[in-house]
Amino acid sequence: MRLLAASGNWNLFIGRVHPLIVHLPIGILIIAFILALLARNSKRAALRSALPVLLLAAALSAIASCVAGYLLSLDGGYDDQLLSTHQWLGIGVAVISVLLLLVNTRQGRWSKAELPLFIVLILLVSAAGHYGGSLTHGDDYLLQAMPPALQSFTGSKKPADNVATYTNIGDARVYEDLVMPVLSSRCYGCHNAQKLKGGLRLESLALIRQGGEHGPVLKDSMPEESELFKRLVLPDNDEHRMPPKGKPQLAPRELELLYWWIAQGAPTNKTVKELPATPRIQLVLEAMMPAKALDHNEYVPSTDVAAADHASLAALEAKGVKVLPVAANSHYLAVSCINAAGFGDEDMTLLLPLKAQLVWLDLSGTRVTDAALATIGKLTALTRLELKHTAIKGNSGNPLATCQELRYLNLSGTTLNPAFLSALPKNKKLEQLYLYQSNTHGNAIQSLQQQLPRLRIDTGGYQLEKLASDTILYHKKTD
């Protein structure tokens, strides 16, 4: 028999009071046990007068907890063996509580049974609590949180999970390494072999595809039609929302991962690099890469330099140029002309005294022209260079060839000469090139990509892939 939560009834309502009252007899019985131990000393014998009231309250609340627990069990979705063990342990707690009350009121020859009954009661309470937690969180919830030293001591240490670490997120398996951990941390607690809410188990893709009592929860390539995803984005007060209100919710990036995985057909044994990535999921995946420390950041040299001359810094700041260290306790500098639109070719010489410290330079939106490239070529420590929306054309080949540490170059919104792109292979460390809204030259870009295979060239013009759930309109063709 299963009482549907959606309909609402007195039995289910009383049953759900069980988690609220079940802790009451536990607390009372522990206090009674402590008082009984203290009262064994003749100097504290007066404490025994409180025991009858405590044991009466404990017995009544334990019986009430058993009744509420039984009504809650009728809702279903629990492992039968765990549930049966928890029920009988709870009944045992109630019976021992009543016996202790009788022993305490009778005393006499029964008084010797009080301490053994209390010891048995504490053991029953502990076991009932453990199995109650297993019903709610899974049978290994306690062992999962056990420190390694304690696992070794108790002999309960489980084999270490075979979890690979990735220096490149593209090597991660989408389902096994990215999706399964999300389901494990957010969903397994209610959808496992011990707690089968809605008849649904999620421990494997085969079980997910089986669905639950209300049918399939996964429709390949259609996340908007898959209950596995739809229930994650319902309003907080919707009774069908998963995880339920009050439980830890999925982070935005976890939702994006699930959506993308389902949209790709919910595959297994596929790595990130084997599946097409939308711009949104690309951002999520890049954010999952381990953060790099300053001394391992390819955009910052590994060796430090002397501090820049204060007079040179002041001369730039007088022009409205922003000069900041790239990180705390570093002498390397980032220069930005975001607030200095009037910065032009004649001002470029102000940068030369900083050529040892200057690694990030942003000249976007300024008045610089090709004449500035000669000066930029002398800034040999540069790793990032932004020239967006400037008059740079690169008519004189590649004056940047001397910037051998350059890894990032943004030329969006410029009018480039093909010869400039053809000369960029001399910058062997170049990793990212942005040419959005520039007069890109297909042949030059193709040649550049062949010579620098690791270079990521972004020309914009993104197009989102079409999903099966997209609306398609058919129009009758007329002559």
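Predicted model: local features only at pLDDT ≥ 70, side-chain atom pairs only at ≥ 80, totals over all residues.
Residues are numbered from 1 along each chain as its sequence is written, and side-chain values use heavy atoms, with hydrogens and water left out.

**Surface patch**

- The patch is formed by Ile63, Val67, Trp88, Ile91, Val95, Val98, Leu99 and Leu102, which together have about 690 Å² of accessible area.
- Patch members have over 30% relative accessible area and no salt bridge, with nonpolar side chains (Val, Leu, Ile, Met, Phe, Trp, Tyr) joined within 5 Å and like charges within 9 Å.
- A salt bridge is a side-chain nitrogen of Lys or Arg within 4 Å of a carboxyl oxygen of Asp or Glu.
- Areas come from the Shrake-Rupley method with a 1.4 Å probe, and for residues only the protein chains shown count as cover.
- Helix α5 gives the largest share of the patch, six residues.
- Ile91 lies in α5, and Ile91 is partly exposed because its relative accessible area is 36% (buried is under 20%, exposed over 50%, partly exposed in between; 1.4 Å probe, protein chains only).

**Nonpolar cores**

- The largest nonpolar core has 43 residues, and Phe343 and Leu433 have the most contacts inside it.
- Two or more residues of this core come from each of α14 (310-317), β2 (333-336), β3 (358-362), α15 (371-376), α16 (418-423) and α17 (442-451).
- A core is a set of buried Ala, Val, Leu, Ile, Met, Phe, Trp, Tyr and Cys residues joined through side-chain atoms within 4.5 Å.
- Leaving aside neighbours within four places in sequence, Leu433 is in contact (heavy atoms within 4.5 Å) with residues including Leu409, Leu448, Arg456 and Asp458.
- Another core, of 32 residues, lies apart from it, with Leu202, Leu218, Trp260 and Val284 among them.

**Backbone details**

- The peptide bond from Met242 to Pro243 is cis, with omega near -10°, and Pro243 is found in the loop between α11 (227-230) and α12 (252-263).
- Ala266 is not a glycine, yet has a positive phi of about 50°; Ala266 is found in the loop between α12 and α13 (279-287).
- With a relative accessible area of 2%, Ala266 is buried.
- His389, also not a glycine, has a positive phi of about 50° and lies in the loop between β4 (384-386) and β5 (408-410).

**Aromatic pairs**

- The count comes to four aromatic pairs, where rings of Phe, Tyr and Trp (its six-membered ring) pair if their centres lie within 6.5 Å; planes under 30 degrees apart count as stacked, over 60 as edge-to-face and the rest as tilted.
- Phe33 and Phe118 make a tilted pair because their ring centres are 5.5 Å apart with planes at 45°.
- This pair links distant parts of the chain, with Phe33 in helix α3 (residues 23-39) and Phe118 in helix α6 (residues 114-137), 85 residues apart; both Phe33 and Phe118 are buried.
- Tyr408 and Tyr434 are tilted too, since their ring centres are 5.4 Å apart and their planes at 40°.
- Tyr408 sits in strand β5 and Tyr434 in strand β6 (residues 432-434), 26 residues apart, and both Tyr408 and Tyr434 are buried.

Key:
Helix = DSSP H or I, 4+ residues; strand = E, 2+ residues; numbered from the N terminus.
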